[in-house]
Amino acid sequence: MVSIDVWNAAVDFPIFDAKSRSLKKAVLGKAGGKIGTDSKVPVIEALHDINMSLGEGDRVALVGHNGAGKSTLLRLLSGIYEPTRGSARVVGKVAPVFDLGVGMDPEISGYENIIIRGLFLGMSRKEMEKRIDDIAEFTELGDYLAMPLRTYSTGMRVRLALGVVTSIDPEILILDEGIGAVDAEFLEKARDRLNDLVKRSGMLVFASHSDEFLVELCSTAIWMDKGGIREEGSLRSVLTHYKGYDPFKNLSDETLARIGESRATIGSEEGS
Ligand SMILES: Nc1ncnc2c1ncn2[C@@H]1O[C@H](COP(=O)(O)OP(=O)(O)OP(=O)(O)O)[C@@H](O)[C@H]1O
C-alpha cells in the first residue's frame with residue numbers, strides 16, 4: 001500500500017545573492033511565496049504549514065497561481081527536497097515526472113534513451129526491454145529511433161518521452177504540468193495511455209494549469225496559495241472556487257460521460 005503523510009512541513013530557500021536593502025521595501029506580490037527579511041539572508045518561504053495525508057487510489061490535482069508552491073510541494077513529496085521544518089513520510093516507489101526531457105541523452109539513440117529514461121523512473125532494464133516495441137510503435141518515430149536524440153525535433157523528443165512515461169508501472173506518480181506542452185493531436189492519442197497509466201499507479205499527484213487534463217486524471221484537488229494549502233476537496237468544488245466558475249460546465253458531453261460527471265450545478269455538493 002502506498003501513502004504520503006506530511007506534518008507541519010515548511011520549505012525555505014535562503015537567497016545568498018539577493019539585494020536585501022531593496023527587498024525590505026517590497027510589498028507582497030500576487031505570485032510567489034513570502035520573502036522573509038528578518039535574518040541576514042533573505043529567505044523565500046516556498047511552503048509553510050503543509051499537512052496532508054494521501055493513500056492508495058488518490059488522484060490529487062494541485063492548482064494555484066504561479067509561484068504558489070505546487071512544484072516545490074511535488075519535489076517535497078518526491079523526496080527531492082527535505083522539509084526545512086516539520087516532516088514528510090512517503091511509503092511507495094515514486095516516479096517523478098517534472099520535465100519530460102530529464103534523463104535523456106542527446107548523444108545516444110532513441111532506443112537507448114527509452115531504456116535509460118525507464119531506469120531513471122525506477123524500472124529495470126528487463127522490464128523496459130519488454131516494453132520497447134510497444135513504445136516504439138506508439139511514438140511513430142520509425143527509423144529515427146536508431147538515430148541519436150540530437151537529430152530529433154522538440155515534438156519528436158516529447159513523443160519519445162511520453163511513450164516511456166506512459167509505459168511504466170509507478171507506485172506513486174508525481175506529474176508536473178510539462179505534459180501540457182505536447183501538441184494537441186498527439187495528446188489525443190496519448191490520452192488513453194495516460195489514463196491507463198494513472199489507473200495502474202497506486203497514487204497520482206498532478207500539478208497543472210490545464211482543466212482539461214485535471215478533469216481527465218484527477219478526482220480531488222488541493223488549492224495552493226502563497227505556499228500554504230488554501231482549500232482541499234473534490235476536484236470540481238476546488239476548481240470552481242479557485243476559478244470563480246464551474247469548469248465542468250464547459251466540458252463536452254463525451255468528456256463528461258468518460259469521467260462519470262454530469263452538467264448539473266455543484267450546489268448540492270456545496271451544501272453537504
Ligand atoms: N530553487 C529555488 N530557489 C529559490 N526560490 C525558489 C526555488 N524554487 C521555487 N522558489 C520559490 O518558491 C515559491 C514557489 O515556487 P513553485 O515553483 O513551487 O511555484 P508553482 O506553484 O509551481 O508555480 P508555477 O505555477 O509558476 O510553476 C516561489 O516564490 C518561487 O520563487
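**Entry 1**

I began with the open sheet of 4 strands, which runs in the order 2-3-1-5 with antiparallel pairing. Its edges are strand 2 (34-36) and strand 5 (85-91), each of which pairs on one side only. From one strand to the next, I get an average twist of 35°. A reminder to myself: this is a predicted model.

Next I looked at how strand 1 (residues 3-14) sits against strand 5. The two run antiparallel and are joined by 6 bridges.

Then I turned to an open sheet of 6 strands, with the order 6-7-8-4-9-10 and mixed pairing. Here the edge strands are strand 6 (94-97) and strand 10 (228-234), and each has pairing on one side only. The twist averages 15° from one strand to the next in this sheet.

Two opposite pairs went into my notes: Ile-222 stands across from Glu-232 of strand 10, and Thr-220 stands across from Ser-234 of strand 10.

What happens at the turn between strand 9 and strand 10? The hairpin has 2 residues between the strands, and Lys-226 takes a positive phi near 50°.

I checked the helices on this sheet too. Helix 8 (residues 235-243) packs on it and touches strand 4, strand 9 and strand 10. The direction of helix 8 makes about 135° with that of strand 10. Helix 2 turned up again: it lies across strand 4 (59-63), strand 7 (172-175), strand 8 (203-207) and strand 9. Against strand 8, helix 2 runs at about 155°.

**Entry 1: around the ligand**

Which residues are closest to the ligand? I listed Gly-32, Ala-46, Asn-66, Ser-71 and Thr-72, out of 14 residues that surround it. Strand 3 (43-55) and helix 2 (70-77) are the elements that give two or more residues to this shell. Helix 2 has the largest share, with 3 residues. Sorting the shell by class, I get 5 nonpolar, 8 polar and 1 charged residues.

**Entry 2: helix 4 and helix 5**

My last stop was a helix pair. Helix 4 (residues 125-139) and helix 5 (residues 154-165) pack with their axes 9 Å apart, at an angle of about 140°. Why do I call helix 4 oblique to helix 5? That angle makes it so, because only angles over 145 degrees count as roughly antiparallel. The crossing of the two helices is right-handed.

I also wrote down who makes the contact. Helix 4 brings Ile-135, Phe-138 and Thr-139, while helix 5 brings Arg-159, Leu-160, Gly-163 and Val-164. By class, the residues of this contact come out as 4 nonpolar, 2 polar and 1 charged.

Technical notes: Residues are numbered from 1 along each chain as its sequence is written. This is a predicted model: local features need pLDDT of at least 70, side-chain atom pairs count only at pLDDT 80 or more; totals for chains, interfaces and linings use all residues. Axes are lines fitted to C-alpha atoms, for helices over the stretch in contact, and angles run from 0 to 180 degrees between N-to-C directions. Angles under 35 degrees count as roughly parallel, over 145 as roughly antiparallel, 65 to 115 as roughly perpendicular and the rest as oblique. A crossing is left-handed if the near helix is turned anticlockwise from the far one by less than a right angle, and right-handed if clockwise. Two residues are in contact if their C-beta atoms, placed from the backbone, lie within 7 Å. Ala, Val, Leu, Ile, Met, Phe, Trp, Tyr, Cys and Pro count as nonpolar, Asp, Glu, Lys and Arg as charged, and the others, Gly among them, as polar. A residue is near a molecule or strand if its C-beta atom, placed from the backbone, lies within 6 Å of it. Two strands pair if DSSP finds at least two bridges between them.
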